[in-house]
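These are my notebook entries on one structure. I set down what I looked up, topic by topic.

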Amino acid sequence: MIVLLSALTACAPPRSSHIVIGAKDFTEQVVLGELLAQEIEAAGGGPVERRFWLAGSYLCQQALVSGRIDGYVEYTGTALTAILKQPLDRDAARVDATVSRLYAQRYQVKVGPSLGFEDTFAMVVRGSDARRLGLRTISDVTRHPEIARLGVGYEFAERPDGLRGLSAAYGLHFSGDPRTMELGLLYRSLAAKQVDIVAGNSTDGAIKALDFVALADDRHYFPPYEAVPLVREDSLQRWPQIGVAMQRLAGKVSADEMRSMNLAVESQHRDVGEVVRNFRARKGL
């Protein structure tokens with residue numbers, strides 16, 4: 001029994017002596033990871049290690065459950081479908097309740113209060129095409145076969161709330177297989193006219209900066225995607241300053257403010273730490 005216990009302990013990942021905050025591999029996630037890390041430090045949680053640019057939701061989930069990170073910011077619709085494998089649900093209150101309950105039951109993870117904004121998937125086209133063809137909604141695309149080449153991120157191509165369900169809900173048909181690529185390349189490909197429409201995010205700063213248009217989800221296919229911190233319960237017990245930081249950040253970030261921070265980092269090439277510090281100062285944090 002002692003030998004077995006020793007072996008199990010040896011297999012367990014080492015827990016850090018300080019707080020570790022993760023983030024996925026796109027600009028908004030790095031901004032949100034930095035925001036959470038700075039607020040924890042301001043609350044007295046000590047120096048926070050940033051473990052950013054983790055390759056997607058699944059890797060962040062594995063890192064969280066294994067204890068290699070203490071927390072990161074996720075989106076409720078992503079948590080519901082991609083991580084918890086639950087059916088699509090478009091009722092925000094029900095999604096919040098389901099996500100909170102299942103993370104606590106399955107993973108001993110606390111779902112924090114919303115940061116104040118939703119970042120939903122957005123089907124994005126060039127502004128010139130939107131004006132020329134009168135594209136305002138995703139349904140409009142079905143009447144224009146010239147919008148034929150689709151670009152998507154790897155997750156969107158496979159997720160239950162992603163491409164297959166969206167195509168079925170709207171009757172979308174594109175020429176050939178979609179081009180799958182890193183999220184950072186989607187808008188570059190759209191601007192270069194290598195694709196005609198991409199699956200981006202509603203708070204991407206590039207949409208406004210590059211004169212793109214996000215089409216309205218007129219059939220309300222996508223579930224809610226509120227940005228919420230996910231934190232291990234044992235980490236909250238060890239460092240209550242994380243909970244203090246989550247409460248301070250609750251409801252503090254609007255979609256427009258998130259879009260502006262994304263734009264500052266991605267298009268204006270400003271330092272993410274500086275952008276977050278300026279935002280926190282404006283909010284009195």
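**Helix α5**

I count a residue as buried under 20% relative accessible area, exposed over 50% and partly exposed in between, with a 1.4 Å probe and protein chains only. Helices (H or I, at least four residues) and strands (E, at least two) are DSSP runs, numbered from the N terminus.

The model is predicted, local features need pLDDT of at least 70, side-chain atom pairs count only at pLDDT 80 or more, and totals for chains, interfaces and linings use all residues. Residues are numbered from 1 along each chain as its sequence is written, and side-chain values use heavy atoms, with hydrogens and water left out.

I then checked the buried residues of α5, which are Val-95, Thr-98, Val-99, Leu-102 and Tyr-103. Seen down the helix axis, the buried residues of α5 fall within an arc of 120°, so they line one face; the arc is that of the directions from the axis to the C-beta atoms. An α-helix has 3.6 residues a turn, so residues three or four places apart point the same way.

I looked up what these buried residues pack against: α3 (57-66), α4 (76-83), β4 (109-111) and β10 (227-232). Contact here means heavy atoms within 4.5 Å.

I noted the ends of the helix as well. At the start of α5, a side-chain oxygen of Asp-91 comes to within 3.3 Å of the backbone nitrogen of Ala-93. Just after α5, Gln-108 has a positive phi of about 55°.

**Aromatic pairs**

How many aromatic pairs does a search of the whole structure find? I recorded eight. Rings of Phe, Tyr and Trp (its six-membered ring) pair if their centres lie within 6.5 Å; planes under 30 degrees apart count as stacked, over 60 as edge-to-face and the rest as tilted.

Tyr-103 is buried, at a relative accessible area of 0%, whereas Tyr-107 is partly exposed, at 23%.

Tyr-187 and Phe-212 form another tilted pair, with centres 5.8 Å apart and planes at 40°. Tyr-187 belongs to helix α10 (residues 183-191) and Phe-212 to strand β9 (residues 212-215), so the pair ties together parts that are 25 residues apart in sequence. Both residues are buried.

I also found that ring pairs link Phe-121, Phe-156, Tyr-221, Phe-222 and Tyr-225 into a cluster.

**Nonpolar cores**

The largest nonpolar core has 58 residues, and Phe-156, Leu-166 and Ile-197 have the most contacts inside it. Such a core is a set of buried Ala, Val, Leu, Ile, Met, Phe, Trp, Tyr and Cys residues joined through side-chain atoms within 4.5 Å. Helix α2 (residues 27-42) gives the largest share of this core, seven residues. A second, separate core of 19 residues includes Leu-54, Val-109, Val-111 and Leu-230.

**Glu-226**

Last, I looked up Glu-226, which lies in the loop between β9 and β10 and is partly exposed, with a relative accessible area of 22%. Its side chain makes a polar contact with the side chain of Ser-114 at 2.6 Å. A polar contact is a pair of N or O atoms within 3.5 Å; within protein, one must be able to donate a hydrogen and the other to accept it, and residues adjacent in sequence count only if both atoms are side-chain atoms.
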